[in-house]
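Here is a short note to read beside the structure. Keep the model open and find each place as it comes up.

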Amino acid sequence: MLLEVLFILLVLQSQVLTVESSSSSSESDESSERDEEHNKGSSHQQHWGYHDQDSWLSSYEDCGGKSQSPINVNTRQVTYDPRLPVIHLEGYDLTDTPPLSLLNNGHTLQLSLPNSMRIVRGFRQIYVAAQLHFHWGTTEVPGSEHTIDNIHFPAEIHVVHYNSKYPNLSEAASKADGLAVLGAFIGIGLHENDNYEKILSALTDISREESNTEVPAFNIRHLLPNSLERFYRYNGSLTTPPCFQTVSWTLFNDTIRVSRRQLAALEDTLKTEHDKLLSRNFRAPQLLHNRNVLTSFQTVAAAGSARGAHLSETEDDNIKEASETQGKYFHRGCSGYCLWSSLCSHTVGLLNVCISATEKVLKV
Ligand SMILES: *[C@@H]1O[C@H](CO)[C@@H](O)[C@H](O)[C@H]1NC(C)=O
Ligand SMILES: *[C@@H]1O[C@H](CO)[C@@H](O)[C@H](O)[C@H]1NC(C)=O
Ligand SMILES: *[C@@H]1O[C@H](CO)[C@@H](O)[C@H](O)[C@H]1NC(C)=O
Ligand SMILES: [Zn+2]
């Protein structure tokens, strides 16, 4: 999460974090390409970048904690919890409301959201929306933060909400029950996504770092996947310094698709410091430690391994079943990328066909 949350936090915290980084914003080496710029005016100029994520914890203790985000979701090690309440959104349709501010803050593309947007069911309290933003890679490297069975998706959207019992995002961000982020994966589809175009068409206006523009308001619900019923839930953190472990994460199983051209626009348009391309703004998956990942749905993998454990002669069936389901899934959500663990087994047209998806099926 790259957020105005963070800059507010950093400002607030500047009295507390007395030690580190009096280094100035004039620091101009490559290592500062993704530096936090939002605390300009504070006496502290915190610098961090995606290229040396291991160093975050020397300035931000929490980044070395045991409940960090993002994580890899191993779909064979999740716990189905039928009692997880379905997410209920309110006020997401902003049609006919004032325009929204869209910002290139040097780390991400961020859309400000009005506090009339809320998660009214799904958590113990009501959570109020503050902003949404994205993480992405390059045309060669997929850049989601979370991974599913070690697979990165091309991009990921985060809609940041704070607990309504706190007065604002910056207050909430350091509280244990402070934040709820809705995350969803963005893959490549064959068609233009008209809803994403409402944001993406404005990118060229804000290619410069620290520039913003206004976009007509629209129904933000349409930036999320069709189905919100199937999701993963775990306790984690902000994915950027100061990495506070205050986020209840919801990752949707259903994915979003944009066209290849639209994804390329996200990957290739925005600039960060020194006119460098703003890309690969994702943190590596963090260790799970003792955490549970709950699911609101029963995964194919869990069903397959449960049966396979009982009767080895059904193994073939399980493999076939999983293969068909995954083939379908990968076809739908296919990114065309096959780096790292791979993806896109059995797809068509312009999309790649990669192999270790098969290997994964065999391991079910
Ligand atoms: C958030 O709320 C606190 C407590 O009411 C207040 O002191 C602070 O100025 C607020 N911050 C912002 C950014 O509104
Ligand atoms: C997250 O932490 C809270 C408070 O400790 C706990 O009640 C809840 O069960 C945890 N959620 C998950 C998904 O583990
Ligand atoms: C969605 O769930 C299916 C079935 O468990 C799984 O194969 C697939 O990888 C999941 N995708 C995401 C993005 O969670
Ligand atoms: Zn984020």
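**Notes on backbone and ligands**

1. Start at Asp149. Asp149 sits in the loop that links strand 8 (147-148) to strand 9 (151-152). Keep in mind that this is a predicted model. Asp149 is not a glycine, yet its phi is positive, at about 50°. Is Asp149 buried or exposed? Asp149 counts as buried, because its relative accessibility is 13% and the cut-off for buried is under 20%.

2. Go next to His289. Its phi is near 50°, again a positive value in a residue other than glycine. His289 belongs to the loop between helix 5 (260-268) and strand 16 (294-295). The relative accessible area of His289 is 38%, so this residue is partly exposed.

3. Now look at the peptide bond between Ser69 and Pro70. The bond is cis, and omega is about 0°. Where is Pro70? Pro70 lies in the loop that runs between helix 2 (56-59) and strand 1 (72-73).

4. Another cis peptide bond leads from Pro241 to Pro242. Here omega is near 5°. Pro242 has its place in the loop between strand 13 and strand 14 (247-252).

5. Turn to ligand 1. Which residues surround ligand 1? They are Pro167, Asn168, Ser170 and Glu171. The protein covers 39% of the accessible area of ligand 1, which on its own has 360 Å². Sorted by class, this shell holds one nonpolar, two polar and one charged residues.

6. Look closely at Asn168. An N or O atom in the side chain of Asn168 is 2.4 Å from an oxygen atom of ligand 1. Check this pair by eye in the model.

7. Move on to ligand 2. Around ligand 2 you find Arg233, Tyr234, Asn235 and Leu294. Ligand 2 exposes 370 Å² when taken alone, and the protein buries 40% of that. By class, the shell has two nonpolar, one polar and one charged residues.

8. Which element gives the most to the shell around ligand 2? The answer is strand 13 (residues 231-236), with three residues.

9. Finish with Asn235. The side chain of Asn235 has an N or O atom 2.3 Å from an oxygen atom of ligand 2.

Notes:
Residues are numbered from 1 along each chain as its sequence is written. Chains are lettered from A and ligands numbered from 1 in the order in which they are written. This is a predicted model: local features need pLDDT of at least 70, side-chain atom pairs count only at pLDDT 80 or more; totals for chains, interfaces and linings use all residues. Side-chain values use heavy atoms; hydrogens and water are left out. A residue is near a molecule or strand if one of its heavy atoms lies within 4 Å of it. A polar contact is a pair of N or O atoms within 3.5 Å; within protein, one must be able to donate a hydrogen and the other to accept it, and residues adjacent in sequence count only if both atoms are side-chain atoms. Accessible areas come from the Shrake-Rupley method with a 1.4 Å probe; for residues, only the protein chains shown count as cover. Ala, Val, Leu, Ile, Met, Phe, Trp, Tyr, Cys and Pro count as nonpolar, Asp, Glu, Lys and Arg as charged, and the others, Gly among them, as polar. Helices (H or I, at least four residues) and strands (E, at least two) are DSSP runs, numbered from the N terminus. Buried means under 20% relative accessible area, exposed over 50%, partly exposed in between (1.4 Å probe, protein chains only).
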